[in-house]
Amino acid sequence: MPGETADLVRLAVRYGVLPAYVDASGRRRVVPRETLLQVLRVLGAPLTRAAEASEALRAVTSEAAARLCEPVLVAWAGRLRVAVGGDGGTVAWHLDLEDGGRREGRVAGGRPLLLDRLPTGYHRLHLQAGRRRGAALVIAAPRRVWTFPPPTRLWGVFVPLYALWSAREPVAHVGGLGAVLEWVNGLGGGVVATLPLLPAFLDEPFEPSPYAPASRLCWNELYVDVARAPELAACAEAQEHLRRRRPPAGRLADLRAEMAVQRAVLQALARCAFADPSRRAALVAWAESHPVPADYARFRAALERQRRPWREWPAPLRGGTVRPGDYDEAAYHTYLYAQWLAETQIAALARRARERGPGLYLDLPLGVHPDGYDVWREREVFAAGVSGGAPPDPFFTRGQVWGFPPLHPVRLRAQGYRYLVAVLRHHLRHAGLLRIDHVMALHRLFWVPDGMEAPDGAYVRYPAEELYALLSVESHRHRAAIAGEDLGTVPGYIRRAMRRHGLYGMYVAQYEARPAAPPLPPVPPYALAGVNTHDMPTFAAFWAGGDIADRRVLGLLDAEGMRRERERREALRRHLAAFLRRGGWLGSVPARRGGKAGGGTVDRDRTVLHGLLRWLAASPAHLLLVTLEDLWLERDPQNVPGTGLERPNWRRRLRYPVERLTRLPSVVAILQEIDRTRRAARDADTRPLTRRWTAAAPAAAGSPRRAGRAGSL
């Protein structure tokens, strides 16, 4: 009915649910009525059918009017102005500061409370008006996150940790990342970027994706460098398990088998550690001061005993109560010991990384596995009954359903963001730069109710200013920069907010390139630049058009669409080569000889790639990231979005072991040239970079991004 629908729409807006949105093609999409009902119920709206929307709207309006203040308040630059509720009488207030101090006073109800010079951090505001009481978390934050001091022309490399291997040790571990870091530092680079290092399910269930971790509060046990464990020298059982490791047979890692061996080694080492009184005491003391890894270890041990998802566990265990008899003590010791070693080794790596540059570039995934520790322990801040996803766009014409529960914005605020702060601190303790996956989720996220398809989902708003304030506080405390993954169709207001708060954006040449003159827009300084990402084809595959054929196989293009894309790619190649040649970045490009149309020779591909990297290196981008695999013209991607275990996603090793790739003449030569170009650009930059950055912002703000593409902010 029209009246019911209008009330339902008003209720949706009140709860932050967008009743309609504009898709990637510019079309207005109206959210189905049943979707609004299901999403509203998940958000806590008191209704079961549309006819109850009017009463639910009155109830939520009355509840809001009765509050003395919102549950979370932001004091930008230490200044707070908040309207205090009340009936005109006096409202008593006191503010408990994070450092133990207190401020107090009175204000007339309905008048603003003004506070100034609040120290950066988290404070608690308490209000009382007669018998009514209220409380709020006050986040006092600098307006901008911490950023690299100018002048900044950094560069580094990107490599997934699971892809690293050594001729001596066939399994990827933290030590391999350290070897790459020392090599890059020796060439003048300051950053090594990798995919999330979080724990995964590598037995049952089997989910190798680093973007579906078992937790965002712990580390991946597979990445522990067991060869450097203090116990190994005296632990014969662990040494025997290590001797069973075999060199990789082919390019694909058997992560299930590798985890089985790693688990056996860790279990033997844990037994030896607990048998040593001094090591046992140190481990127990660490567990007492780090309750989350200890709790996680109990969860994983209980999961092994139950052999089924936590939602099917007995009631007390399912509810979060774990007793000693609920798990095997040896399994608990193994997971606890593994987290201890992982934290110790990653901390040591991060310290070394910061000695020569910003350090590690870590990646914070948007979601967590629904069967994992975080959803079990922090279930109140996850929205049950829906999944995060994305609406249809020109690439994913059917949309996407990612399969993980999104964070619940209402309950997250009510919790005072405890879980989210813990997640940020877990990463920022060791990161010089943290990438926020799908940064648009700071503002809104697409929810798809269970049982529905992606086109039937709806966008749900999040308290963006509060989330930016959290990022600001934690980035300043840890002196770490923040980058937002803003690729694809991202509204302009989100990029303006990122710029306002100092987050770096992404400039990805393959996303930016277009079959026109000029084929690439200028690179802004407030960007992290690169040729591609882990979710994109490698440069060699892109240049040859191999990704177009793959999209046809996946059903994302029909025959006509594939023909048009090939024509577009050929035009793009011509324009990009001409653009780089005119700028003097190519030198002489060898003529194409043989091969498929558009494929080119290895010499031509490498020449164009090197020219593109030189152009990016000379740009004002604060950071240039080079995908290592591009430098030897790798064709196979690390991940094909929209596919699962039917593709070798998240399992493909590098073509060369670390010892060899660091000595490849063509690889070393281009990285040395990138370093020289970056240094020359930095030395020639006489103006403060922050002044140029600020001056560029107003002009950029009015330039809308092309739908479906990514690039400068």
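Q: Does arginine 117 count as buried or exposed, and at what relative accessibility?

A: The model is a predicted one. A residue counts as exposed when its relative accessible area is over 50%. Arginine 117 has 73% relative accessibility and therefore counts as exposed. It is located in the loop between strand E7 (112-115) and strand E8 (121-129).

Q: Where is tyrosine 417 placed, and is it buried or exposed?

A: The cut-off for buried is under 20% relative accessible area. Tyrosine 417 has 0%, so it is buried. This residue sits in the loop between helix H12 (409-414) and helix H13 (418-428), and it has a positive phi of about 60° without being a glycine.

Q: How should I read buried positions along a helix, and which residues of helix H15 are buried?

A: An α-helix has 3.6 residues a turn, so residues three or four places apart point the same way. In H15 (residues 492-500), the buried residues are Ile494, Arg495, Ala497, Met498 and Arg499. Glycine 502, with a positive phi near 85°, follows H15.

Q: What is the form of the peptide bond from alanine 517 to proline 518, cis or trans?

A: The angle to read is omega. For this bond omega is near -5°, and the bond is cis. Proline 518 belongs to the loop between helix H16 (509-512) and strand E22 (527-530). The bond from glutamate 204 to proline 205 is also cis, with omega near -5°.

How values were computed: Residues numbered from 1 in each chain as written. Predicted model: local features only at pLDDT ≥ 70, side-chain atom pairs only at ≥ 80, totals over all residues. Heavy atoms only, no water. Buried < 20%, exposed > 50% of the residue type's maximum accessible area, 1.4 Å probe, protein only. Helix = DSSP H or I, 4+ residues; strand = E, 2+ residues; numbered from the N terminus.
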